[in-house]
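Visitor: I'm new to reading protein models. Could you walk me through this one, feature by feature?

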Amino acid sequence: IARDENAIFCRVEPYSPVIPVNYSVILAKAGIYAKNNRSPIKSRMTKVKSGVTYATKESYTPRHTLILDLDQSEEDLLKQMKPKGRYNIKIAQKHGVTIKQINTFNLKSAVKDFNQWYKILKKTGDRDSFGIHEESFYENLLKTFGAHASLFTAHADKDLIAGIIVIFYGDTATYYYGASNHVHRKYMAPYLLQWEAFLEAK
């Protein structure tokens with residue numbers, strides 16, 4: 001794709017399973033070689049220059065993640081949570097928090113919810129001291145993945161109070177980005193959001 005688009009570099013952050021994969025071999029087949037023969041899995045090679053890869057200091061996606069087997073029953077999934085997690089899901093339900101799943105931008109209400117979510121994301125980034133992308137990044141992400149991407153939003157008292165972006169591909173669902181309004185923290189919306197995303201992924 002980089003060659004077809006005449007790009008000066010491309011960035012790759014490959015999924016790395018527990019069992020190491022020799023990405024050097026995979027990249028070599030595409031004519032890309034690791035500088036100093038370092039393994040991309042160890043040095044996170046990303047930049048490409050004249051067929052050579054270089055490490056970058058920052059990642060756009062988390063370097064570590066947790067994998068949850070969703071083939072388990074709902075009861076077993078709940079049992080694996082800490083008691084506080086199960087309790088907070090019930091608190092959100094008790095407060096009447098409702099969850100919406102958005103995977104199309106054809107409706108004005110979907111665009112409105114997305115814009116509101118991004119405002120909350122900016123506040124979340126400031127509050128928790130992490131960087132975020134421009135609004136267009138998340139919009140393009142959702143539009144590019146189409147039906148494979150969903151913005152789950154939590155609502156209470158007619159307000160959007162939290163949201164997460166989840167990508168569905170094959171037999172895997174990946175939770176990428178999330179935000180919540182600190183003013184509505186007593187509603188425990190993030191817990192119900194993630195739980196509903198679990199159920200949708202099942």
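Visitor: Let's start with the open sheet of four strands: in what order do the strands come?

Guide: A general idea to begin with: strands of a sheet pair through backbone hydrogen bonds, either parallel or antiparallel. Here the order is β4-β5-β6-β7, with antiparallel pairing. Strands (E, at least two residues) and helices (H or I, at least four) are DSSP runs, numbered from the N terminus, and two strands pair if DSSP finds at least two bridges between them. Keep in mind that this is a predicted model, where local features need pLDDT of at least 70, side-chain atom pairs count only at pLDDT 80 or more, and totals for chains, interfaces and linings use all residues. Residues are numbered from 1 along each chain as its sequence is written, and side-chain values use heavy atoms, with hydrogens and water left out.

Visitor: Which are the edge strands?

Guide: Those are β4 and β7 (172–180), since each pairs on one side only. On average, neighbouring strands of this sheet are turned by 20 degrees against each other, direction ignored. Axes are lines fitted to C-alpha atoms, for helices over the stretch in contact, and angles run from 0 to 180 degrees between N-to-C directions.

Visitor: How many bridges join β6 to β7?

Guide: Eight bridges join this antiparallel pair.

Visitor: How far does α5 reach from its first C-alpha to its last?

Guide: You compare the reach with an expected span, which is 1.5 Å times one less than the number of residues. With 21 residues, α5 reaches 30 Å, close to the 30 Å expected. For α7 (residues 189–201), 13 residues reach 18 Å, close to the 18 Å expected.

Visitor: Is Asp 113 buried or exposed?

Guide: Buried means under 20% relative accessible area, exposed over 50%, and partly exposed in between (1.4 Å probe, protein chains only). Asp 113 has 9% relative accessibility, so it counts as buried. You'll find Asp 113 in helix α5 (residues 108–128). Contact means heavy atoms within 4.5 Å; leaving aside neighbours within four places in sequence, the contacts of Asp 113 are Lys 100, Ile 102, Thr 153, His 155 and Leu 160.

Visitor: Which residues have the most contacts inside the largest nonpolar core?

Guide: A nonpolar core is a set of buried Ala, Val, Leu, Ile, Met, Phe, Trp, Tyr and Cys residues joined through side-chain atoms within 4.5 Å. The largest one here has 20 residues, and Val 97, Phe 152, Ala 154 and Ile 161 have the most contacts inside it. At least two residues of this core come from each of α4, β5, β6 and α7. A second, separate core of 17 residues includes Phe 114, Leu 142, Ala 149 and Ile 167.

Visitor: How many aromatic pairs does the structure hold?

Guide: Nine. Rings of Phe, Tyr and Trp (its six-membered ring) pair if their centres lie within 6.5 Å; planes under 30 degrees apart count as stacked, over 60 as edge-to-face and the rest as tilted. Take Trp 117 and Tyr 138: their ring centres are 5.5 Å apart and their planes at 80 degrees, so the pair is edge-to-face. Trp 117 lies in α5 and Tyr 138 in α6, so the pair ties together parts 21 residues apart in sequence.
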